[in-house]
Each structure stands twice: as structure tokens, then as C-alpha cells.
Amino acid sequence: MHLMRRKKTIRRPFRRSEDDGGKRTLLLALILLLGCLTGSVFGNSRQPPALLSDLPGDGESFFESFLICSKYPLAAFLFGTSYCGAAALPLLCAAKGWTLSVQAEYLFAQDASFGPAQAAVKLCLPAAVSLFCFLLISEDSLKNASRLLSSLRGEHRPAPPHRLAHAALCAALLLLGTAANTYLTPKFLSLLH
């Protein structure tokens, strides 16, 4: 009786290291910067569409402001749950950069007396918190989307270990940033005028 031997293949479940030295973060940050440059060159001084805007306006409730500030990190998190996210996340980074640049231009065009101090208070705090959270969640989501995409080819890699912890941290930071922007920013701006 002849038994056919199967050719043994060596599976490497950990083909690539999960720690890529920050290459994904650098790539996403460069795409975001490219979006900023595109927005500053080709954007205009009109307010960006509400769907893209991530800077809350005046007179919005805390909950509305939180939803506006967290829409890009939330979209990045959701893109990480699909293998299509590997292609969609760079596009989301470019849109975030473009929106940030157009919003800054709109703020300066809206009020001629809007100086650097007002810009720092109105734009920098929300943008800093939102950008940090967006890039952190985007990197984890890109890792997870790449993992899901590679699973279609039969490769199995573990999920990013801190993805949910990073998302919870960002949710807390966005809540604090929204609270500061909603309750403290108007007071600071009134002192600067």
C-alpha cells in the first residue's frame, strides 16, 4: 500500500513583526501632512462641509461637540474592522489633513482680528487631542486591517494587542478635550478680545 506523503510546509504565523518601528505611523502622518498641504494650496476660506468638519462651532451642546471631534477617530476605528480599511485609512488621513488646513484658513478669514493667541486657543487644543487620538487609532486600525487582509490569503497573525485599550484611552482624551473646548475655550477667547 502506497501512502502519498504530503509536502510539509512551514507556516510562519509571525512572519512580520508587529513592531514595525513606527513605519505605519510615519506613513499615516505623511499622508495627513500631504492632505494639509493640499488643503492649504487648493482649499478656500469657506467653511468645510459639515460632514468633513471636525472642529465644533459655537453654540453646540457638549454631546454634539464630542461627536464632531471624535468622528475621524471613530471612522478610523471602524475601518480597522474590515480588510478594506487598509486602503481606506490613508484616504481618511488625507481627508483629515485637508479638513484641518481648510478649517484653519476659515478661522483666519472669518475674523480679521483673529490672531495667533486666538488660533492657539480655538484650533490647537482640539486639533492636538484629535490628531493624537486619530493617529493612534489609525495605526492600530491599519495593523488590524492588514491582518484581516492577510487572513484572506491564508496567513494568520495576531490582532494588535492594545487596540481596544488605545480606543478607550482616546475616548477619554476626546471627552476631556471636548469638555475643555466647550467650557474653557469661550472663557479664554473672551479674555483675549
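This is a predicted model: local features need pLDDT of at least 70, side-chain atom pairs count only at pLDDT 80 or more; totals for chains, interfaces and linings use all residues.

Student: Okay. How many aromatic pairs does a search of the whole structure find?
Tutor: Two aromatic pairs turn up. One of them is Phe62 with Tyr183, and that pair is stacked. The ring centres are 6.2 Å apart, with 10° between the planes.

Student: Where do Phe62 and Tyr183 sit?
Tutor: Phe62 is in helix α2, residues 62–69. Tyr183 is in helix α6, residues 163–192. They are 121 residues apart, so the pair links distant parts of the chain.

Student: Is Phe62 buried, exposed or partly exposed, and why? Which is it?
Tutor: Partly exposed, because its relative accessibility is 28%. Buried would need under 20%, and exposed would need over 50%.

Student: What about Tyr72 and Phe134, how are their rings arranged?
Tutor: That pair is edge-to-face, because the planes of Tyr72 and Phe134 stand at 90°. Their ring centres are 6.1 Å apart.

Student: And which helices are those in?
Tutor: Tyr72 belongs to helix α3, residues 71–79. Phe134 belongs to helix α5, residues 116–152.

Student: Are Tyr72 and Phe134 buried or exposed?
Tutor: Tyr72 is buried, at 4% relative accessible area. Phe134 is buried too, at 0%.

Student: New topic. Which residue lies over the face of Phe77?
Tutor: Arg163 does, at 4.3 Å from the ring centre.

Student: How do the axes of α3 and α4 cross?
Tutor: They cross at roughly 170° and come within 9 Å. Helix α4 covers residues 85–110. The two helices are therefore roughly antiparallel.

Student: Which residues make that contact?
Tutor: From α3, Tyr72, Ala75, Ala76 and Phe79. From α4, Gly85, Ala88, Leu89, Leu92, Ala95, Lys96 and Thr99.

Student: How many of them are nonpolar, polar or charged?
Tutor: Eight are nonpolar, two are polar and one is charged.

Methods: Residues are numbered from 1 along each chain as its sequence is written. Side-chain values use heavy atoms; hydrogens and water are left out. Rings of Phe, Tyr and Trp (its six-membered ring) pair if their centres lie within 6.5 Å; planes under 30 degrees apart count as stacked, over 60 as edge-to-face and the rest as tilted. Helices (H or I, at least four residues) and strands (E, at least two) are DSSP runs, numbered from the N terminus. Buried means under 20% relative accessible area, exposed over 50%, partly exposed in between (1.4 Å probe, protein chains only). A charge sits over a ring if NZ of Lys or CZ of Arg is within 6 Å of the ring centre and within 35 degrees of the ring normal. Axes are lines fitted to C-alpha atoms, for helices over the stretch in contact, and angles run from 0 to 180 degrees between N-to-C directions. Angles under 35 degrees count as roughly parallel, over 145 as roughly antiparallel, 65 to 115 as roughly perpendicular and the rest as oblique. Contact means heavy atoms within 4.5 Å. Ala, Val, Leu, Ile, Met, Phe, Trp, Tyr, Cys and Pro count as nonpolar, Asp, Glu, Lys and Arg as charged, and the others, Gly among them, as polar.
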